[in-house]
Amino acid sequence: MWDSTTINMILEGILQTIYMTVTSTVLGYLLGLPMGVLLTISDKNGLKPNPFLYKVLDAISNIVRSIPFLILLILLIPFTRQIVGQSYGSTATIVPLIICSAPYIARMVEASLKEVDPGVIEAAKAMGAGNTQIVFKVLLVEARTSLVTNATIALGSVLGYSAMAGTVGGGGLGDIAVRYGYYRYQTDIMLVTVVLLIVLFQIFQNSGMAVAKKLDHTKKS
Amino acid sequence: MHEIEVKNLSKSFIEKDIRVDALSNINLTVEKSDIYGIIGMSGAGKSTLIRCFNYLERPTSGQVIINGKELGQLNENELRAERTKIAMIFQHFNLLQQKNVIDNVIFPLTIQGVKKSEARAKAFELLATVGLEEKANAYPSQLSGGQQQRVAIARALASNPRILLCDEATSALDPQTTASILSLLKRINKETGITIVLITHQMSVVKAICNKVAVLEAGELVESGNIEDVNLPEDKYFWIDGDSHLKKRKDQVNNRKEVADYVG
C-alpha cells in the first residue's frame, strides 16, 4: 500500500500544489495589485476620481467573483487550452486560478489602501507630491502590513481552490485526494493528503503573518 | 510685495444638492515673517481657509497670491513646485507610521529628488533644531504627541519653505507641550524669518505667539489686524461645544495661564 510509487506520487502532489498556489498567487497579484490601486485612486474620494474607470473595474471584479470557481474552471477550458496547450494538469490549473484570484486580490488591495490615514496623504500633497509618488511612497508603504496580511489570506484561498481543481484533473494534492479517496475509497491516502494540505496551509499562514509582523511599525515596541 | 494675499476668497461646497458657504469674501494680507493667527470656533471655516493657502482646497472664487504668484493660474506641476515652499503641519501630525523619524524628515526631500546623503545631513540638522537627534531611528508610534509634532515641524522645514501653515497644530497636545511647541515655532520664526500662519480655536495660542490676528466667524472675517489693535472677544472662544463645556472652559483658562507663563 505505502510503496515507493505512492509516496513519490504524494511528494509530487505536494510540489505541484506548492507550484500552483505560489505561481497563481504571484501572477494574481501581478493583475490584482494594479487593479486594486486603480480602484482606489479612481474612486470618488480617490486621488484622481474617474467614475467610468471605477465602474468598469468594479463590474469586472464583481462579475468574476460571482462565478463559482468550479464553474469558472470548466468555463475557461477553451481559453486555458489556447494558452497552455492542454486543459488538465497543474500548469493548466494556474490559468483559472489567476483569473479567479485577481479580482479578490484587487478588492483586498483596495481595502488595504483605503485604510491609509487620509491625513498622511494630505500631508504628502501639501509637500508637493504627485499622485504617482503618493501611490508608491505613501499608500503602498503605509499599507504594507495589511497588504501582506491579505496576501497571506489570498495564498490560503488559492491553496483551497487548487485542491478543488483536483475534481477535473488539476493535479496536486487535491487531485490525489479525489482520485484515491473518492473514486477508489482509499480513505488513508485521502487523510494523508488532507493532513498535508493543513500543514501547507499552516506554513503559508504562519510565515505570512511573521512577515507582516516584522514589517509593522505602528505598534509600540 | 505681500507674502500672502487673499482677495475676495469664497468657498462653497455642494452637499446633497444644498450649497453650503464655508467661506465668503475673505480678504487678508500676511507680510514676511509674520506670525499670523486665524481664530474661530469649530465650523467657522478655519481649516478650509488654511487649505486654500496651498490649494489643497480650491476656492470657488477669489485669489490666493503667494509672493506675487497667483495659485489659481498655476498648472499642476507649477502648483506642486510652489507647495514645496509652503510647508504644513497638522493637528494629528500626519507622520508616515511605517517610516522612522529620520526617513519622515527626509520624505519631502526624496519627493523632490534630493540625493539621499544630502537629505540625511539636512535631516539631522533639523532634528537638532527641534531637539530630537537621539530619536532619529525611532518610529512615530514610539513617540509622544509633542515629539511627533516636533518631527512634523522638522519635516516641514526640510524643503526650506518660505511659509509654514499650522492647522490646529497644538490642539491635540497638553498645555505644557503646547507651550514648548509654540516657543519652538517662535524661535524658528526669529531665526529663519519664516512666515507662519496658524489656525486655532485657542485664544491662548494667539496671545502667546501671534503678531497679527484675524477672527473668523461663520465663514466671514469679522476682524483682522495687529494683535494689540484687534478687539478679541475673549470669552467667546473659551468653550468648544457640548456637555463638557464647563470643564473645558476651566482647562482652557489654566492652559492659557500656563502657556503665557512658559512663553513669557
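Since the model is predicted, local features need pLDDT of at least 70 and side-chain atom pairs count only at pLDDT 80 or more, while totals for chains, interfaces and linings use all residues; side-chain values use heavy atoms, with hydrogens and water left out. Residues are numbered from 1 along each chain as its sequence is written, with chains lettered from A and ligands numbered from 1 in the order in which they are written.

**Exercise 1: a sheet in chain B**

Work out which strands make the open sheet in chain B, and what stands at its edges.

Step 1. Helices (H or I, at least four residues) and strands (E, at least two) are DSSP runs, numbered from the N terminus. Two strands pair if DSSP finds at least two bridges between them.

Step 2. Start with β1(B), residues 4-15, and β2(B), residues 18-30: they run antiparallel, joined by 9 bridges. One partner couple to look up is B:L9 and B:I26. The two strands form a hairpin with 2 residues between them, and B:K16 in the turn has a positive phi of about 50°.

Step 3. Now go from β1(B) to β4(B), residues 61-66: 5 bridges join this antiparallel pair. Here B:V6 stands opposite B:V64.

Step 4. Move on to β5(B), which is antiparallel to β4(B) and joined to it by 2 bridges. Look for B:I65 opposite B:E70.

**Exercise 2: one serine**

Decide whether B:S12 is buried or exposed, and list what it touches.

Step 1. Find B:S12 in strand β1 of chain B.

Step 2. Check the cut-offs: buried means under 20% relative accessible area, exposed over 50%, and partly exposed in between (1.4 Å probe, protein chains only). B:S12 has 18% relative accessibility, so it counts as buried.

Step 3. Contact means heavy atoms within 4.5 Å. Leaving out residues up to four places away in sequence, B:S12 touches B:R19, B:V20, B:D21, B:A22 and B:T60.

**Exercise 3: aromatic pairs**

Find how many aromatic pairs the structure holds, and describe them.

Step 1. Rings of Phe, Tyr and Trp (its six-membered ring) pair if their centres lie within 6.5 Å; planes under 30 degrees apart are stacked, over 60 edge-to-face, and the rest tilted. Over all chains, there are 2 pairs.

Step 2. Take A:F69 and A:Y161: their ring centres are 4.9 Å apart with the planes at 45°, so this pair is tilted. It links distant parts of the chain, as A:F69 sits in helix α3 and A:Y161 in helix α8 of chain A, 92 residues apart.

Step 3. Compare their cover: A:F69 is buried at 4% relative accessible area, whereas A:Y161 is partly exposed at 22%.

Step 4. Then look at A:Y182 and A:Y183, an edge-to-face pair with 5.3 Å centre to centre and 65° between the planes. Both of these residues are exposed.

**Exercise 4: chain B in totals**

Sum up how chain B is built.

Step 1. Count the elements: 8 helices and 10 strands.

Step 2. Look at cover: buried residues make up 53% of the 264 residues in chain B.
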